[in-house]
Amino acid sequence: MDLILDGIIEAFRLIVTGDPEVRDITLLSLRISGSATLISTCIGVSAGTAVALTRFPGRRFLISVINTGMGLPPVVVGLFVTIFIWRSGPLGSLGLLYTPAAMVVAQTVIAAPIITGVTLAAMQRLPGKLRLQILALGATRRQMVWLLMKEARLPLLTAVMAGFGGVISEIGASIMVGGNIRGYTRVLTTATVMETGRGNFAVAIALGVILLILAFTVNYILTAIQQGRGR
Amino acid sequence: MSRPVLEIRKLAVTRNGMPALDVPDLSFAGGEICALIGPNGAGKTTLLLSLMGLVKGAAGEVLYRGERVEPGRGAAALRRRMSLVFQEPLLFSASVYSNIASGLRLRGMARGQVREGVERAMDLLGIAHLARRRAQALSGGEAQRVNLARALAVEPEVLLMDEPFSSLDAPSRETLIADLERIIRRRGITALFATHDRGEAIRLAARIVVMNRGVVAQDGDPNTITQYPADEFVASFMGTETILAGTVTASSGGVMTISVDGGAVEAAGTADAGTAVTFCVHPENIVLSDGVPGTSARNLFRGRVERVVPMGLFRKVYVRCGFMLVAYVTGQSIESMGIREGKEITASFKATAVHVIKVVDKK
């Protein structure tokens, strides 16, 4: 119990004193996971909407692939992204390995299927005739898609939250493609694992608490937007 | 005669390899109020959607003032001259004002024009007090009024409605029908509405198109459809239950005698003896009386009341007189004549009330 208490006290000390290393790690976590979520939102919302609104051969198979992708193990993603950006890999010439950019790529691969899958489900849950009603109101196809997305905005925000939650808390891919380099690719999850390995439980708990506060804050903001618009 | 607003030419729609709609030729004039009536699966909704160019893969043509309406690019321009109202209000998760404004905003109208259009539509439907309410907080009747206001706000030349009143309770339906009728007639809107309620169709429409299994079974004014149905389906759907098959045994002076199972009926018309016919008698044309009625009706039958079914202001009375006759009687007549199950009664109708639906064959 003392250990946990010490950890919580340490967390508050680190936050209140504005420890520069912890601050940098937190900001980097936010920047990497935020960028990955943003990119995944663009990809996922577009792809999910497109799959929901079109009929084509193999659609059911594709939906199964997307749903499977929602549960992609981060270490598997880390492994394949590492192979791709390894010096001798297909994208090795880009020199991405052990960079924040590589972490963004890996986290995007994790978050995109989550956001696509939730978007797909959200769009499919809209009344079937709503699409016809919007077209009957005189909408062009582009206007129709926009209005459908507006109508599904609450579950779409849930998709963004699920995507962000999936990447801010993952460790496997980040450590494999980022390498946990101090001051460069060290994020909250990789730092927590490292401090735990060193036996610095108080610091590890402190980082964990900061991670929780960060995840809660971002989700609180998104929830406030979601519920505010839903009223 | 001016060109119709909407024309259908050889329209055919198939679903899962089965024909869903097959309409060779149908047109609607400006200002016409027409009811599409038929059971579920008759093709009413498919027809309305086709008129809006919202059915993919439809063969044939739909013309709006001579311009072809078809799904795909460019269709929005023609659709913007029409409005479509579904049975479910399908309102957006937004305020009533935003919902009514949606069609106008899609047309890129300026904020002031949108406000004017919304206010005008809300006044028409008597829902100005709901402007700030969330659409999801409305009652069924209010939501359907908002739905209609949204459709009317864009001032359509053609208003298509798919069973717009069927989800409403009776009082809401009555007031909404009355308001809608006033608006449509005053604005000269061409209105087509699908329904399976013949009362609604007769009340609102000057023309009824009866549909069954994707084809037009009959197209005419309410009186023709009701009194002179084209076939047994139309007769039955429009409320005629006395549909009998028989054989002409004699024909002279414009009156023929038709022998049916359990008796003989005299009908206006001529046919050779031996001709097999199917005919019907509309329930409003059958008169029930206690004794021998003072009437010139050629058909007089003594029978026994088998069943009395309440239906609003009227009662449907089934009289067994060798064959079954079904008549509509007011509640007051039921009381004054003491009509009840098992009572002996006289049923009468004129020869001209007998409508021969089809001549089956000739011996």
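What pattern does chain A follow when read along the sequence?

Modeller: The model is predicted, and what follows should be read with that in mind. Read along the sequence, chain A runs α-α-α-α-α-α-α-α-α-α-α. That is 11 helices and zero strands. Its C-alpha atoms fill a box of roughly 65 × 50 × 25 Å along the principal axes. Chain A has 231 residues, and 42% of them count as buried. Among the contacts in chain A with a separation of 6 or more, 76% are between residues 24 or more positions apart.

The part to look at closely is helix H2 of chain A, which covers residues 20–53. Two packed helices are described by the angle between their axes and by the distance between those axes. H2(A) packs against helix H5 of chain A, residues 100–124, at an angle of about 35°, and the two axes are 6 Å apart. H2(A) passes H5(A) in a right-handed crossing. By class, the contact of H2(A) with H5(A) has 18 nonpolar and 14 polar residues, and no charged ones.

H2(A) also packs against helix H8 of chain A, residues 153–168. Here the angle is about 140° and the axes lie 9 Å apart. Angles over 145 degrees would count as roughly antiparallel, and H2(A) and H8(A) are therefore oblique to each other. The crossing of H2(A) past H8(A) is right-handed. On the H2(A) side, the residues that meet H8(A) are A:Ser29, A:Ser33, A:Ala36, A:Thr37, A:Ser40, A:Thr41, A:Gly44 and A:Val45. An α-helix has 3.6 residues a turn, so residues three or four places apart point the same way.

Further along chain A, helix H10 spans residues 188–198. The buried residues of H10(A) are A:Leu188, A:Thr189, A:Thr190, A:Ala191 and A:Thr192. After H10(A) comes A:Gly199, which has a positive phi, near 85°.

Now the neighbour. The contact between the chains takes 13 residues from chain A and 18 residues from chain B. Helix H6 (128–136) and helix H7 (141–151) of chain A each supply at least two residues of the side that touches chain B. H6(A) gives the most to that side, with six residues. The side of chain A that touches chain B divides into seven nonpolar, four polar and two charged residues.

Chain B contains an open sheet of six strands in the order S6-S7-S8-S3-S9-S10, with mixed pairing. Strand S6 (82–85) and strand S10 (215–220) of chain B stand at the edges with a single partner strand each, so one side of each has no neighbour in the sheet. Neighbouring strands of this sheet are turned by 15° against each other on average, direction ignored. Within the sheet, strand S3 (residues 33–37) and strand S8 (residues 190–195) of chain B pair in the parallel sense over five bridges. B:Ile37 stands opposite B:Thr195 in S8(B).

Terms used:
Residues are numbered from 1 along each chain as its sequence is written. Chains are lettered from A and ligands numbered from 1 in the order in which they are written. This is a predicted model: local features need pLDDT of at least 70, side-chain atom pairs count only at pLDDT 80 or more; totals for chains, interfaces and linings use all residues. Axes are lines fitted to C-alpha atoms, for helices over the stretch in contact, and angles run from 0 to 180 degrees between N-to-C directions. Helices (H or I, at least four residues) and strands (E, at least two) are DSSP runs, numbered from the N terminus. Angles under 35 degrees count as roughly parallel, over 145 as roughly antiparallel, 65 to 115 as roughly perpendicular and the rest as oblique. A crossing is left-handed if the near helix is turned anticlockwise from the far one by less than a right angle, and right-handed if clockwise. Two residues are in contact if their C-beta atoms, placed from the backbone, lie within 7 Å. Ala, Val, Leu, Ile, Met, Phe, Trp, Tyr, Cys and Pro count as nonpolar, Asp, Glu, Lys and Arg as charged, and the others, Gly among them, as polar. Two strands pair if DSSP finds at least two bridges between them. A residue is buried if 20 or more other C-beta atoms lie within 10 Å of its own, exposed if 12 or fewer, and partly exposed in between; C-beta atoms are placed from the backbone.
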